[in-house]
Amino acid sequence: MNEKDKYFNKLRKKNLRITEPRKALIEILEDNHLTFKEIQSKLLERGYTNVSTIYNNLDFLLEQKIAVELHINGTKYYDLAIDNPMHNADSHIHIALKDTNQIKEISNNSVFEYIKKLPELENLNVEYIKITIGARTKKV
Ligand SMILES: [Zn+2]
């Protein structure tokens, strides 16, 4: 089962409708971190022109915790998030590469474990850990 099917299954399990626009949105966001404008233009290529429909479907995916909204350097990006404990709607680590404008992910459980064991969090239930790392390519 590929990633995309996992998202569709999640919707099915919750008895939620997998409409064509929702399907298209999931396909576009798979392995991508996109701004609303980028989503809009990619959906336009597929014939989806209605902006409020895109907003509604995106909201729907956010509510279902299938998509996640990231705020990086003042820009909002959208991303898929599913049962990966190191990259889900609540917890994720991203690297914003400033020279190439790329966004990458770090899936390293020891980072989350380390943070959760910090003495400041000793008596607390951690609900989310969201980290953005800004970086530039090293000049050699
Ligand atoms: Zn991500």
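1. D31 is located in the loop that connects α2 and α3; helices here are DSSP runs of H or I with at least four residues, strands are runs of E with at least two, and both are numbered from the N terminus. Although D31 is not a glycine, its phi is positive, about 60°. D31 counts as exposed because it has 10 C-beta neighbours inside 10 Å. The classes are: buried, if 20 or more other C-beta atoms lie within 10 Å of the residue's own; exposed, if 12 or fewer; partly exposed in between, with C-beta atoms placed from the backbone.

2. The model is a predicted one, in which local features need pLDDT of at least 70 and side-chain atom pairs count only at pLDDT 80 or more, while totals for chains, interfaces and linings use all residues. Residues are numbered from 1 along each chain as its sequence is written.

3. On confidence, the average pLDDT (the predictor's confidence in each residue, from 0 to 100) is 90 for the protein, and 99% of the residues score at least 70. Helix α1 (residues 3-13) has the lowest confidence, with a mean of 82, whereas α3 has the highest, at 95. Where pLDDT is low, predicted coordinates should not be read in detail.

4. K65 is found in the loop between α4 and β1. K65 is not a glycine, yet its phi is positive at about 60°. As it has 14 C-beta neighbours inside 10 Å, K65 counts as partly exposed.

5. Leaving aside residues up to four places away in sequence, L29 touches L34, A67, Y78, D79 and L80. Contact here requires C-beta atoms, placed from the backbone, to lie within 7 Å.

6. Three strands form an open sheet in the order β4-β3-β5, with mixed pairing; two strands pair if DSSP finds at least two bridges between them. Its edge strands, each pairing on one side only, are β4 (102-105) and β5 (130-135). From one strand to the next, the twist averages 25°.

7. Within this sheet, β3 (residues 92-97) and β5 run parallel and are joined by 6 bridges. H94 stands opposite T132 in β5.

Conventions
Two residues are in contact if their C-beta atoms, placed from the backbone, lie within 7 Å. Axes are lines fitted to C-alpha atoms, for helices over the stretch in contact, and angles run from 0 to 180 degrees between N-to-C directions.
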